[in-house]
Amino acid sequence: SNGSNSIVDTHLLIVVEGLSATVELLNASGVTSDGDPYLRVFLDDGVLRPGDSVFASLRFRRTGKGPAVDYDLALLSGQGEP
């Protein structure tokens, strides 16, 4: 949900930060310059207005033994590569 007073324009980029090396984001659209996977969500009408919501599913896979899946999300607005 967009809880701000600003419009999210063009695309919503969901950046998954802090994944361990043994966890992969299966449906990633790409990787940031910092090496974090991200998912690009194409918004209806190209915007997400304040109070509107969008659904996105993040699919993970463990590629080896390691800690539990732990991550932070950063949400960005816009085109291009984050």
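This is a predicted model: local features need pLDDT of at least 70, side-chain atom pairs count only at pLDDT 80 or more; totals for chains, interfaces and linings use all residues.
Residues are numbered from 1 along each chain as its sequence is written, and side-chain values use heavy atoms, with hydrogens and water left out.

**Whole protein.** I looked up the secondary structure and found 0 helices and 6 strands, where helices (H or I, at least four residues) and strands (E, at least two) are DSSP runs numbered from the N terminus. For the extent, I read that the C-alpha trace spans about 40 × 25 × 15 Å along its principal axes. I then checked burial and found that 32% of the 82 residues count as buried, a term for under 20% relative accessible area with a 1.4 Å probe and protein chains only. Turning to contacts (heavy atoms within 4.5 Å), I saw that residues 24 or more positions apart account for 74% of those with a separation of 6 or more.

**R40.** I located R40 in strand β4, which covers residues 37-48, and its relative accessible area of 15% makes it buried. Leaving aside neighbours within four places in sequence, I listed its contacts as H11, L12, L13, S29, G78, Q79, G80 and E81. With H11, the side chain of R40 also makes a polar contact of 3.1 Å, that is, a pair of N or O atoms within 3.5 Å, of which, within protein, one must be able to donate a hydrogen and the other to accept it, and residues adjacent in sequence count only if both atoms are side-chain atoms.

Note on methods: Buried means under 20% relative accessible area, exposed over 50%, partly exposed in between (1.4 Å probe, protein chains only).
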